[in-house]
2 protein chains.
Amino acid sequence: MMLVNGVADAMIQPTDRGLSYGDGIFRTLLLRDAFNRNWQRHYAKLAADCLRLGIVCPEASLFEQDIIRCKQEENVGVVKLTVTRGIGQRGYMPQQAAIPTRIVSTAPLPAYAPQCIGDGVAVRVCQLRLSRQPLLAGIKHLNRLENVLARGEWQDPDIMEGLLQDEAGYVIGGTMTNVFAVRGRQLYTPELSNSGIAGVTRERMLGFAVGLGLSVRVTQLSLADILESDEVMLCNSIIGVWQVRELGQKRWQKGQYVKLFRALLETDND
Amino acid sequence: MMLVNGVADAMIQPTDRGLSYGDGIFRTLLLRDAFNRNWQRHYAKLAADCLRLGIVCPEASLFEQDIIRCKQEENVGVVKLTVTRGIGQRGYMPQQAAIPTRIVSTAPLPAYAPQCIGDGVAVRVCQLRLSRQPLLAGIKHLNRLENVLARGEWQDPDIMEGLLQDEAGYVIGGTMTNVFAVRGRQLYTPELSNSGIAGVTRERMLGFAVGLGLSVRVTQLSLADILESDEVMLCNSIIGVWQVRELGQKRWQKGQYVKLFRALLETDND
């Protein structure tokens, strides 16, 4: 299903600033989660990202109406929410009066092999180094050419994700995931004030840590820090959480924490 | 006029990667220049930008057919050419087989005051610092949120442009222009291997310099370097070239070179 401002199968004006400049934000979540506690988290993040770009975020009720229509058609799958600054005049100047464009679309669940959950996944390190832009860091905005170029670096279907470092060599995340590392009873995840996307599942993982007896360190993590960790995990709203089994020459045994986090992600969504 | 893949008044699929990820490139030029020597330069830059992103660039003849249709409707104005990677499946992975989307649209000439040419323009320094990404630097791609945020920093209609620095404080350009500075018989312009857009008018200006007895330095330029210059100029394909008259507390007299460059830009377009 595809709804543009609530209209089924509608199209986008070529002058929409989402197309002209990537001037907008998006989120992807499981349809299943579209009306539980996670929906509140996703909408809050959508609204916060809009606020940072000065885009008027459409009311939650508008998305909810759209999602209800999507769920009437299919109940399993992925829903993507996009907000752009709307139709624009020529030029970069963001118009205060712009009416945002709201896009809600569904897609089937991606066909990841069950072993991704059972055995963990093989991961590579991307060549591309992420740029640093504090004004855009953390936001899931539509300027995603870095992710596109990074994901284009490999074709091997057995490699499920690529890790991205910034210019200084600090690991920021995967092309489509946030990254966590466990060492002893510490849970590490990259600090995202200059690069990367701060996802909703990342927030949820951080929230679960204390209950699992882990102390949280949101900090700069080098590739060496990752390689020396007991357990490395990748997360997003679609995959939940995967353990990293393989990174370059490094192999990890099955971890203890990934299944605990997975169980919490599965149950804390009512 | 608005042509999408040659179809008048067509719309964009919401799944177009130009919208999803800003996965594409664009150019803006005067309709007047759409079939002279500058057209060859613009198409070459369009094709080069596509090549760097791995996008199949549509043949020049397709754009030419579109532009002929535009010129039948209006002969004065601005034409914008956009190429996106095309309709995408879910996910960042760029599909080899994607068919690019070609968009050609026209707009009236922007109504800049004649004094911009006669007297020069007032310019400010933007707060936003441009990020560094060598893989994207120089390309006129659709990831332009930095330009949008920078242009949103001021509303004063008497300020015609904002200068952008990188993290290290080097001046990269304006939000919509390339910048040049003259000192003695040297012409300076920022080196753009990490940030910024390398425009066609910039290339043309560099080509004219030798004929004007100026030696060219493409180098790192600080704000202090700009302020200490004899003459500072801004250029793009729509405005041609403007002298900077005012930047913060600094005022410049009318320059000697801006009118020479303007004359060359005007005549070398047949």
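**Close-up views of a predicted two-chain model**

View 1. B:Asn5 is partly exposed, because 15 other C-beta atoms lie within 10 Å, a count between the limits of 12 or fewer for exposed and 20 or more for buried. The model shown here and in the other views is predicted. B:Asn5 sits in the loop between E1 and strand E2 (7-8) of chain B. Its phi is positive, about 50°, although B:Asn5 is not a glycine. Most residues other than glycine have a negative phi.

**View 2. The loop residue A:Asp9.** A:Asp9 lies in the loop that runs between strand E2 (7-8) and helix H1 (17-21) of chain A. A:Asp9 is not a glycine, yet has a positive phi of about 55°. With 9 other C-beta atoms within 10 Å, A:Asp9 is exposed, since the limit for that class is 12 or fewer.

**View 3. The side of chain B that touches chain A.** In this contact, 40 residues of chain B meet 40 residues of chain A. Strand E1 (2-4), helix H1 (17-21), strand E5 (101-107) and helix H5 (145-151) of chain B each give two or more residues to this side. H5(B) provides the largest share, 6 residues. By class, the side of chain B that touches chain A holds 21 nonpolar, 12 polar and 7 charged residues.

**View 4. The relation between the two chains.** The same surface serves both copies, as 100% of the contact residues of chain B recur in chain A.

**View 5. The largest nonpolar core and B:Phe180.** The largest nonpolar core has 128 residues. Those that touch the most other members are A:Ile25, A:Phe180, A:Met233, B:Ile25, B:Phe180, B:Ala181 and B:Met233. Leaving aside residues up to four places away in sequence, B:Phe180 touches B:Leu187, B:Tyr188, B:Thr189, B:Met205, B:Met233 and B:Cys235.

**View 6. The two domains of chain A.** Chain A is divided into domain 1 (2-107) and domain 2 (115-267). Taken over C-alpha atoms, the centres of these domains are 26 Å apart. Contacts join 17 residues of domain 1 of chain A to 9 residues of domain 2 of chain A. On the domain 1 side, strand E3 (24-30) and helix H2 (37-53) of chain A each supply at least two residues. That side of domain 1 comprises 6 nonpolar, 6 polar and 5 charged residues.

Key:
Residues are numbered from 1 along each chain as its sequence is written. Chains are lettered from A and ligands numbered from 1 in the order in which they are written. This is a predicted model: local features need pLDDT of at least 70, side-chain atom pairs count only at pLDDT 80 or more; totals for chains, interfaces and linings use all residues. Two residues are in contact if their C-beta atoms, placed from the backbone, lie within 7 Å. A nonpolar core is a set of buried Ala, Val, Leu, Ile, Met, Phe, Trp, Tyr and Cys residues joined through C-beta atoms within 7 Å. Helices (H or I, at least four residues) and strands (E, at least two) are DSSP runs, numbered from the N terminus. Ala, Val, Leu, Ile, Met, Phe, Trp, Tyr, Cys and Pro count as nonpolar, Asp, Glu, Lys and Arg as charged, and the others, Gly among them, as polar. Domain bounds come from an automatic or database domain assignment.
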